[in-house]
Amino acid sequence: MTQLAIMVSMDSLLADVSDRLDAFLQPDQDPRQARKRERILAAATEHFTAYGYRKTSIEDVARAAGVAKGTVYLYYRSKPELLFHAVAREKRHYLDRLAPLWRRELEPQDRLREMIRQGLIVNREMPLVTRLTSGDRELALAMEEVDTAVLARIGDLQRQITVKLVDEATGGTLSDAELAARAEVLMQAIFAVVTAAPLVPGELSVEAHAARMAELLVSGVTAPCAVPV
């Protein structure tokens, strides 16, 4: 498959997942209802992050969003469902950051660097996702009460994109098993960098530090295979 064909294919896949997520997050045709949902999810994200899931009540979220408690229940049947939508909202923002990767003329390794750089930056803008994947027990238990298939679809998309980018950056020289292994390690490395310590050491900006880390990771992920899979 040519580079152009890969770009068109991934852009189409990304657009499809984004559209499905939009329909899930904002099923209302009325813009006023959509804005109200957005206020509720923003307030929920802020409170779940600042005070924790268990200590945050629907009443707290309603008050912060400037709506009645019953209005929250009109849109979200339970607190676990509210959490799920708040997490999905963060994932939707992540997809927005990925979209330009497939709409710009970039060299293969530059595209991979940009994906890593965006991942390092945007994950810090996803506090609920970060806590959930870090093992926050309260969030994990709450998420067990809802159907998370839509988030699993986004996770699958992220893996597909990472595999495609690594394959492109290595010139199609790796086996499917090696591609999958490197993609998984790369995704874990990005997450580990985000959650282990503050992203910006010393005087470096977030963008500069993310760019340096991306350069180091790309150098490793595109190196000749030295470990058997």
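Student: Where is L174 found?

Tutor: L174 lies in the loop between α9 and α10. Please bear in mind that this is a predicted model.

Student: Is L174 buried or exposed?

Tutor: A residue counts as buried when its relative accessible area is under 20%. L174 has a relative accessibility of 15%, and therefore it counts as buried. In sequence, L174 and P224 are 50 residues apart, while their C-alpha atoms are 8.9 Å apart in space.

Student: Which other loop residue can be read in this manner, and where is it found?

Tutor: V67 is in the loop between α3 (58-65) and α4 (69-75). Its relative accessible area is 14%, so V67 is buried. A separation of 28 residues in sequence lies between V67 and R39, and their C-alpha atoms are 9.0 Å apart.

Student: What is the overall arrangement of elements in the protein?

Tutor: The protein has 11 helices and zero strands. Read from the N terminus on, its elements run α-α-α-α-α-α-α-α-α-α-α. Of its 229 residues, 43% count as buried.

Student: How many residues of helix α6 are buried?

Tutor: Helix α6 is mostly covered, with 11 of its 15 residues buried. Those buried residues are P108, R111, L112, E114, M115, I116, Q118, G119, L120, I121 and V122. For the general idea, an α-helix has 3.6 residues a turn, so residues three or four places apart point the same way.

Student: What span should the 15 residues of α6 have, at 1.5 Å a residue?

Tutor: The expected span takes 1.5 Å times one less than the number of residues. For α6 (residues 108-122) this gives 21 Å, and the end C-alpha atoms are 21 Å apart, so the two values agree.

Student: Let us turn to other helices. Where are E90 and R182 placed?

Tutor: E90 is in helix α5, and R182 is in helix α10. E90 has 3% relative accessibility and therefore counts as buried. R182, at 11% relative accessibility, counts as buried.

Student: How is a pair of aromatic rings described?

Tutor: The description rests on the distance of the centres and the angle of the planes. This structure holds three aromatic pairs. In one of them, the rings of Y75 and Y76 have centres 6.3 Å apart and planes at 70°, so the pair is edge-to-face. The cut-off for that class is an angle over 60 degrees. Both Y75 and Y76 are buried.

Student: Which ring does the charged end of K79 sit over?

Tutor: The charged end of K79 sits over the ring of Y53, at 4.4 Å from the ring centre.

Student: How much space lies in the largest pocket?

Tutor: The largest pocket holds about 570 Å³ of space. It is lined by 22 residues, and those closest to its centre are K91, V129, T133, Q158 and M187.

Student: Which helices supply at least two residues of the lining of the largest pocket?

Tutor: The helices that each supply at least two residues are α5 (79-98), α6, α7 (127-133), α9 (149-169) and α10 (176-196). The most comes from α9, which gives six residues to the lining.

Student: What does the lining of the largest pocket have by class?

Tutor: The lining has 12 nonpolar, seven polar and three charged residues.

Conventions
Residues are numbered from 1 along each chain as its sequence is written. This is a predicted model: local features need pLDDT of at least 70, side-chain atom pairs count only at pLDDT 80 or more; totals for chains, interfaces and linings use all residues. Side-chain values use heavy atoms; hydrogens and water are left out. Rings of Phe, Tyr and Trp (its six-membered ring) pair if their centres lie within 6.5 Å; planes under 30 degrees apart count as stacked, over 60 as edge-to-face and the rest as tilted. Buried means under 20% relative accessible area, exposed over 50%, partly exposed in between (1.4 Å probe, protein chains only). A charge sits over a ring if NZ of Lys or CZ of Arg is within 6 Å of the ring centre and within 35 degrees of the ring normal. Helices (H or I, at least four residues) and strands (E, at least two) are DSSP runs, numbered from the N terminus. On a 1 Å grid over the protein atoms alone, a cavity is a set of points where a 1.4 Å probe fits but cannot get out, and a pocket is an open set with protein on both sides within 12 Å along at least five of seven lines; lining residues have an atom within 4 Å of a point. Grid points are joined across faces, edges and corners, and a volume is the space filled by probe spheres set on the points. Ala, Val, Leu, Ile, Met, Phe, Trp, Tyr, Cys and Pro count as nonpolar, Asp, Glu, Lys and Arg as charged, and the others, Gly among them, as polar.
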